[in-house]
Structures are given as C-alpha cells and as structure tokens.
Amino acid sequence: MKNILVFAGSNSKNSINKQLAEFTAGLVDNVKTTVLDLNDFDLPLYGIDLEIDKGIPENAHKFLEAIKSSDGIILSLAEHNGAYSTVFKNLFDWMSRIDGKLWSEKPMLLMATSPGARGGATVLEIAKGRFPFMGGRIVSDFSFPSFNDNFSEGSITNQDLHTALKNKVVLFQNAL
C-alpha cells in the first residue's frame, strides 16, 4: 500500500487549506494517509548565522524525512499577500539547507484555496514555477475558488468543482 503525505502550507488551527487537503486525500483509493500539521514542527526563523551557530533544527529533519518516506504528496498552499505563508516558507528554507531537491521527485498534487474567487492561484503559480527546481514532480494542480461558498461540512458542495478535483486526483493516483 502506498503512503501519501498530506499537509497545508499554513499554521492556522482552522486552515481551509488543511480542510481541502484532508478532503482530497479521502478521494485517493488504497493508500495510507499521513496528515502533518505545521504547528507540530516549530522552527526558528531561518538565517544563515543561526544555521552556522546552532545547525539545522531537528524539526526540519523530521519533516524532510516524512517527505522522503512517502510515495506521494498532497499539499494545499495558503496564500498570504500573494505568496507562501511565512511558516511554510520558513520550513521550505530550512529543508532546502538539508537537501536542495527536498521534494525528492515524489508525485505531488499541488493545490491552493482561499475565500476569494482566485482560489490562491497566485501562490499556486509561484510554487509551480519553483518546486520543479527543488525536486518537485507536480503531476496535478488545483486552484479551489471561494472556499466558504463551495465547501461545507467537510465536503465540496459545488458539483463542477468536485468533479474537477476528482479528475485531478485520478492523475495523482496514477502517478503513485
């Protein structure tokens, strides 16, 4: 059985991106799902002086090991001011100091959502442009618009969006 890693690029306790990622993982057949929460991987703000003085924190190593031991990744990125959330970018920076190809060529379903109609499209485009240089094998991507209007009680309420996501999941499943 394949093991997929599921997480949101957010540290919000009520993260809409985590809700979307967990819902999406439930659409993948015959896999073991490991859901990680960035709140469980506290890291100091990256800086070269800190790295030289104290080394790379254990939580960066633990998260990277979770990536490396998975067979695929479902990641939904939060968009903060048109870019990654600070907590995700910090984790990303620390892990890249361990392994520049941190995504390890794992099949990835990359998503983003937001309360707005663009559904985190800007951060999704940034990641799609950057992750391949860091070992990211994005096999499918999905921008989910207007989260609060299209998701309720743990499920997608808009049938067209639900069908579109299921089609993206098939691409991801086939790449595992």
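Modeller: Start with N17, which lies in helix α1, residues 16-25. Helices here are DSSP runs of H or I with at least four residues, strands are runs of E with at least two, and both are numbered from the N terminus. The model is predicted, so local features need pLDDT of at least 70 and side-chain atom pairs count only at pLDDT 80 or more, while totals for chains, interfaces and linings use all residues. Residues are numbered from 1 along each chain as its sequence is written, and side-chain values use heavy atoms, with hydrogens and water left out.

Colleague: Why is N17 called buried?

Modeller: Buried means under 20% relative accessible area, exposed means over 50%, and partly exposed is in between (1.4 Å probe, protein chains only). N17 has 3% relative accessibility, so N17 counts as buried.

Colleague: What is N17 in contact with, leaving aside its neighbours within four places in sequence?

Modeller: Contact means heavy atoms within 4.5 Å. With neighbours within four places left aside, N17 is in contact with A8, S76, L77, A78, A112 and T113.

Colleague: Why does G9 count as buried?

Modeller: G9 lies in strand β1. Its relative accessibility is 0%, so G9 counts as buried. Leaving aside neighbours within four places in sequence, G9 is in contact with L38, L75, S76, L77, A78, S85 and F88. G9 and A21 are 12 residues apart in sequence, and their C-alpha atoms are 10 Å apart in space.

Colleague: Why is K62 called partly exposed?

Modeller: K62 lies in helix α3. Its relative accessible area is 46%, so K62 is partly exposed. K62 and G100 are 38 residues apart in sequence and 16 Å apart in space, C-alpha to C-alpha.

Colleague: And what makes G129 partly exposed?

Modeller: G129 is found in helix α5. Its relative accessible area is 42%, so G129 is partly exposed. From G129 to S76 there are 53 residues in sequence and 15 Å in space, C-alpha to C-alpha.

Colleague: What about T157: where does T157 lie?

Modeller: T157 lies in the loop between β9 and α7, residues 159-175. At 48% relative accessibility, T157 counts as partly exposed. T157 and F147 are 10 residues apart in sequence and 9.9 Å apart in space, C-alpha to C-alpha.

Colleague: Is E153 buried or exposed?

Modeller: E153 has a relative accessible area of 82%, so E153 is exposed. E153 is found in the loop between β8 (151-152) and β9 (155-156). Phi of E153 is near 50 degrees, a positive value in a residue other than glycine.

Colleague: How do you know that the span of helix α4 is close to the one expected?

Modeller: The expected span of a helix is 1.5 Å times one less than its number of residues. Helix α4, residues 86-98, has 13 residues, and 18 Å is expected. Its first and last C-alpha atoms are 19 Å apart, which is close.

Colleague: Which residues of α4 are buried?

Modeller: F88, N90, L91, F92, W94 and M95 are buried. Their cover includes β1 (2-9), α2 (48-54), α3 (58-68), β3 (72-77), β5 (83-84) and α5 (121-130).

Colleague: Now the whole protein. Why does its radius of gyration agree with a compact globule?

Modeller: The radius is taken over C-alpha atoms, and the globule rule is 2.2 Å times the number of residues to the power 0.38. With 176 residues, the rule gives a value near 16 Å; the protein has 16 Å, so the two agree.

Colleague: How many helices and strands does the protein have?

Modeller: There are seven helices and nine strands. Of the 176 residues, 47% count as buried. Along its principal axes, the C-alpha trace spans about 55 × 35 × 25 Å.
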